[in-house]
Amino acid sequence: MALWGGRFSQAADQSFKHFNDSLRFDYRLAEQDIIGSIAWSKSLVTVNILSIDEQKRLEQALNELLISVQQDAAQILQSDAEDIHSWVEQKLIEKVGDLGKKLHTGRSRNDQVATDLKLWCKAEITDLIKAISHLQLQLVNTAEQYQDAIMPGYTHLQRAQPVTFAHWCLAYFEMLVRDKSRMQSTLARLDVSPLGSGALAGTAYPIDRELLAQNLGFATATNNSLDSVSDRDHVMELLSNASIGMNHLSRFAEDLIIFNSGEANFVELSDRVTSGSSLMPQKKNPDALELIRGKSGRVFGALSAAMMTFKGLPLAYNKDMQEDKEGLFDALDTWHECLAMAALVLDGLNINHQVCLNAAKQGYSNATELADYLVAKGIPFREAHHIVGEAVVGAIAKKKALEELTIDEFKLFSQVIEQDVYAILSIESCLNKRNAKGGVAPIQISTAIKKAKNSLNDS
Ligand code: ARG
């Protein structure tokens, strides 16, 4: 039976009922709804709506229900209740009879759903932070394993300067540090309880909302009842965080797809995260990575959908807001799954050291070193840049790398070039020189790995 039958003489049309009901997705808020209800029952004692004994009976029945949904959440989907709030109330009444009908005194589904969703978000943030940390750990371990794997670094997807595979891993580690801190700051902002805001104007019972908030594990209670029931900032924030996080994962996937291509052949993906072609027997496709890249689209879509849904809503609650949940659930599930999948991809990754090194040596990626060498010999950088540009053209014409030019050939471009140029042009020297904080020098990388590991242990 619906919660609101009194005013109606006709039953809802079946198609409208299906259209309106949210149980098929908001069943995921069952635990939060029950926990919120237990806290609310305690508040009702303080305003003499429930006796201590009545509250105990309600609490016991709600706890039984909690255990039952923790064991089998799918049972909820068998019901034709309108939403999770109706379902919990219905079940409670089945258990304790008329006493169950007292629970909704002074409460509205509007402050209830806002509370449930915030409680759900808090738990989800904790889980997502763990999933981010797991991927970070995998990145650091991979970095440690491949500290000496030199590969080309790119700008414009053109070989630019040599880097190491470890440096690449740590770049993604840093993105995840920011993803995590965004989640932490969202958590701090949403940790404010809307319960006791009523439908929109506040509850008519003199409830200590701060105590109620505390009982629910919130840092504090909201300040304005209109805002409390219509605030979905946390939904938009989490979808933004998820979108930025998926943006990172999508770039990670794209990099590895390129590294894994036949053209680059820098890495080999494990059989555990690839699949074959039904026609071409030789194929091993990077499906896990392509799906991570592809699924980012639906997460960005959920963010736009939420923005569009909320932007025109007058205060306070409107049924449009029921649309907040499916996109949020789907986006956060997707992000979570992609974080785990990215970690699994790294777990079985193999680097083709020699191919990476050869590629790093090609493409004149030590040209900047030659320019710096000329600068050290007193030539202004702009002029040095021009000379090296000419030397690169000369080397291309001779089908040689820069370090393969003879001293006589070098002297055609600048008289100041001497024998000592060869040491400067070695790939090791390219790396070692970049020894300022954040650079690719092996000393910097091992320091960065240690720091990254410590930060994971601390958190
Ligand atoms: N199922 C609703 C939602 O998800 C719960 C709140 C309903 N409130 C109401 N006044 N109809 O938003």
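Colleague: Which residues surround the ligand?

Modeller: In this predicted model, the ligand is surrounded by S22, D26, D83, R109, N110, V113, Y317, K319, M321 and Q322.

Colleague: What makes a residue such as V113 part of that group?

Modeller: A residue counts if its C-beta atom, placed from the backbone, lies within 6 Å of the molecule. V113 is on the list, so its C-beta atom falls inside that cut-off.

Colleague: Which helix gives the largest share of the shell around the ligand?

Modeller: That's helix α6, residues 109–145, with 3 residues. By class, the shell has 3 nonpolar, 3 polar and 4 charged residues.

Colleague: Let's stay with α6. Why is α6 called roughly parallel to α12?

Modeller: Look at the angle. The axes of α6 and helix α12 (residues 324–347) cross at roughly 20° and come within 9 Å. Angles under 35 degrees count as roughly parallel, so α6 and α12 get that label. Their crossing is left-handed.

Colleague: Which residues of α6 and α12 make the contact?

Modeller: From α6 there are E124, D127, L128, A131, I132, H134, L135, Q138, L139 and T142. They meet L332, W335, H336, L339, A340, A342, A343, L346 and D347 of α12. Sorted by class, this contact has 12 nonpolar, 4 polar and 3 charged residues.

Colleague: And what makes α6 roughly antiparallel to α19?

Modeller: Here the axes of α6 and helix α19 (residues 442–458) cross at roughly 155°, coming within 10 Å. Angles over 145 degrees count as roughly antiparallel, and that is why α6 and α19 get the name. This crossing is left-handed too.

Colleague: Which residues of α6 and α19 make that contact?

Modeller: On the α6 side you'll find S133, Q136, L137, V140, A143 and E144, and on the α19 side I449, A452, K453 and L456. They divide into 6 nonpolar, 2 polar and 2 charged.

Colleague: How do you know that α10 and α12 are roughly parallel?

Modeller: Helix α10 (residues 233–260) packs on α12 at an angle of about 30°, with the axes 10 Å apart. The limit for roughly parallel is under 35 degrees, so α10 and α12 qualify. α10 passes α12 in a left-handed crossing.

Colleague: How do the residues in the contact of α10 with α12 divide by class?

Modeller: There are 15 nonpolar, 1 polar and 1 charged. Among those in α10 are V235, L238 and F252, while the α12 side includes D324, W335 and V345.

Colleague: On to the strands. How do you know that β1 and β2 pair?

Modeller: Count the bridges. Two strands pair if there are at least two bridges between them. Strand β1 (residues 150–155) and strand β2 (residues 158–164) have 6, in the antiparallel sense, so they pass the test. Y154, for instance, stands opposite R159 in β2.

Colleague: What phi does H156 take in that hairpin?

Modeller: A positive one, near 55°. The hairpin has 2 residues between β1 and β2.

Colleague: One last thing: is the peptide bond from L315 to A316 cis or trans?

Modeller: It is cis, with omega near 5°. A316 sits in the loop between α11 (287–311) and α12.

How values were computed:
Residues are numbered from 1 along each chain as its sequence is written. This is a predicted model: local features need pLDDT of at least 70, side-chain atom pairs count only at pLDDT 80 or more; totals for chains, interfaces and linings use all residues. Helices (H or I, at least four residues) and strands (E, at least two) are DSSP runs, numbered from the N terminus. Ala, Val, Leu, Ile, Met, Phe, Trp, Tyr, Cys and Pro count as nonpolar, Asp, Glu, Lys and Arg as charged, and the others, Gly among them, as polar. Axes are lines fitted to C-alpha atoms, for helices over the stretch in contact, and angles run from 0 to 180 degrees between N-to-C directions. Angles under 35 degrees count as roughly parallel, over 145 as roughly antiparallel, 65 to 115 as roughly perpendicular and the rest as oblique. A crossing is left-handed if the near helix is turned anticlockwise from the far one by less than a right angle, and right-handed if clockwise. Two residues are in contact if their C-beta atoms, placed from the backbone, lie within 7 Å.
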